[in-house]
Protein chains: 2
Amino acid sequence: MLPVIVIHGGAGHIPKERAQLSCAGVREAARGGYGILRASGSAMDAVVEAVTMLENNPAYNAGRGSVLNVKGEVEMDAIVMDGRTLDSGAVSAVRRVANPVQLARLVMEKTKHLCLTAEGASQFARAMGIPEVPEESLITDYARMRWKKNLAPDANPVECQMGKMGTVGAVAVDTEGNVACATSTGGMINKMEGRVGDTPCIGCGGYADNKVGAVSPTGHGEAIMKVTLSRLILFHMEQGRSAEEASDLGLAYMKERVQGLGGVVTVDPKGAWAARFSSLQMAWAAVQDEQLHYGLYAGEHFTESAQEQS
Amino acid sequence: MLPVIVIHGGAGHIPKERAQLSCAGVREAARGGYGILRASGSAMDAVVEAVTMLENNPAYNAGRGSVLNVKGEVEMDAIVMDGRTLDSGAVSAVRRVANPVQLARLVMEKTKHLCLTAEGASQFARAMGIPEVPEESLITDYARMRWKKNLAPDANPVECQMGKMGTVGAVAVDTEGNVACATSTGGMINKMEGRVGDTPCIGCGGYADNKVGAVSPTGHGEAIMKVTLSRLILFHMEQGRSAEEASDLGLAYMKERVQGLGGVVTVDPKGAWAARFSSLQMAWAAVQDEQLHYGLYAGEHFTESAQEQS
């Protein structure tokens, strides 16, 4: 059954004209990450590759395409976690880097810390030789349009809900049974400067443990934090629930206890996987046994050969 | 049995000449917080009052007395959580505020977010009318001496271990059975600029849920994060373990799985409480039924009237 990779491109309400792009990107990223697993690469390499592809794709709220904070600036959060050792790396409110997920991985590998924030994260990026990119290169016309629209006094709450859409994430199991997760986001549209959401917070924006599995969530960040959603789902799996049952239990609890919607991708170390959500939509894709699985609305599950181009 | 408050002043190795100060401060803070509970104040009011007292006391690594980062600067982290609603507020890498725990509470009460970091947190403090204090006012001679000592190429690892000491925290149950937690820290001595530890990370540096209990931890921040220690202990309590058993299970797991030492204070909603640690020492104090309990080394448990001055 091994290996497997499962990707999400964010939960929420995805405008019709963006749905096609959003679905195409996660399928491409799932194929990209699976290519690494098929060549006996590590789960960590696969999730970082997949999330990097989505950060580079302007259709998502991560890296290029990130939503803007209330001042019209880009501040990004990312996390990775390695299920072998429980090692993790994260960055919060980082600016002017193209791939926050790669910086998060460097925090894990090159420092004694698990998280660096804001200017400290930028300094570390410079020390690691990561080029600083102009802020403009991360901002799309679409992001700027939504920022302006949400500043208006008569801003439409549906537009605001769309702002919760587009966080990207991946979980994988490699041929050796190691699990890993990665999540990256521009956060919540028109957020306060310095707002840190669930993504860089271990146990909230991701968790990976070879003994249990791995989770990457998306949705209303503050709700995910209140229930420590990733860790909660893995606790249910430790109690004997399947990846799918545990994901549904975690999402139902978040909805009932703190009225939060979202979605998750989840794997267990044997390669069982789930892509579940309580929001209207979540763009997701998975590859296992050379089959590509994907969907957008609840109940959708399409399958095609992973080799096919679509 | 209700109400109760339990305080810690950090786990680790406390130098002899500091032990007396450290023990006196937690007893005073426990009495201060209990005064609020006795007058039917909320658990949230009590933990914030107790942690504020410890931030103002230069004997601890929080507020005034914080350890310095590698550049000789003070960057502080704090969190609060309200067990009634799972609402939480946190600040990370914040500078030039006297009481980060009060700023964390304002994040919870006055924003839609759960965490603000670095310059964004400072901006919010200014907007709330919190006076900016000179960095020098937060730095003690002792903190500067340790910073210099640890910069030396022959720095003694025992000194480094001391650097993990002194995070402060409190958990409480009020007369209505509501639980809350608060934690505040200057972090790890000679940390990188922008390093975020466990404290502002929900589920790691604290968690509170009226249905289960509340935890505030101290110790090696990165280890606490890897096992999401606070949430882990509360999961054990959800499975039927007592506050003391759950605390010991969580600490033992952290030691075995990621070789991390630390300590916790824990309460359940009925007022059962624990102060447990795997480190050599942890300064702790609790007040319940007009009795003050306190200790420093494993197995120590002194009791006196809460009215007595000592």
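At what angle do the axes of helix H2 (residues 43-56) of chain B and helix H3 (residues 100-110) of chain B cross? They cross at roughly 150° and come within 8 Å. Keep in mind that this is a predicted model, where local features need pLDDT of at least 70, side-chain atom pairs count only at pLDDT 80 or more, and totals for chains, interfaces and linings use all residues. Residues are numbered from 1 along each chain as its sequence is written, chains are lettered from A and ligands numbered from 1 in the order in which they are written, and side-chain values use heavy atoms, with hydrogens and water left out.

**H2 and H3 in chain B**

- Helices here are DSSP runs (H or I, at least four residues), numbered from the N terminus.
- On the H2(B) side, B:Met44, B:Asp45, B:Val48, B:Val51, B:Thr52 and B:Glu55 meet B:Pro100, B:Val101, B:Gln102, B:Arg105 and B:Met108 of H3(B) (contact means heavy atoms within 4.5 Å).
- Sorted by type, the residues of this H2(B)-H3(B) contact are six nonpolar, two polar and three charged (Ala, Val, Leu, Ile, Met, Phe, Trp, Tyr, Cys and Pro are nonpolar, Asp, Glu, Lys and Arg charged, and the others, Gly among them, polar).

**H1 and H2 in chain A**

- Helix H1 (residues 16-38) and helix H2 (residues 43-56) of chain A have axes that come within 8 Å and cross at roughly 155°.
- H1(A) and H2(A) are therefore roughly antiparallel to each other.
- Their contact residues split into nine nonpolar, three polar and three charged.

**H8 and H9 in chain B**

- The axes of H8 (residues 229-238) and H9 (residues 243-258) of chain B come within 8 Å, crossing at roughly 135°.
- That makes H8(B) oblique to H9(B) (oblique covers what is left after under 35 degrees for roughly parallel, over 145 for roughly antiparallel and 65 to 115 for roughly perpendicular).

**Where chains A and B meet**

- Each side brings residues to the contact: 45 from chain A and 45 from chain B.
- Chains A and B bury about 3500 Å² between them, with 63% of it on carbon and sulfur atoms (buried area is the accessible area, 1.4 Å probe, that two parts lose on being put together, summed over both).
- A:His113, A:Lys226 and A:Arg257 supply 18% of the area that chain A buries against chain B, more than any other three residues.
- Four salt bridges are found across this interface (a side-chain nitrogen of Lys or Arg within 4 Å of a carboxyl oxygen of Asp or Glu).
- A:Asp87 and B:Lys226 also join their side chains in a salt bridge, at 2.8 Å, N to O.

Note on methods:
Axes fitted to C-alpha atoms, helices over the stretch in contact; angles between N-to-C directions. Helix = DSSP H or I, 4+ residues; strand = E, 2+ residues; numbered from the N terminus.
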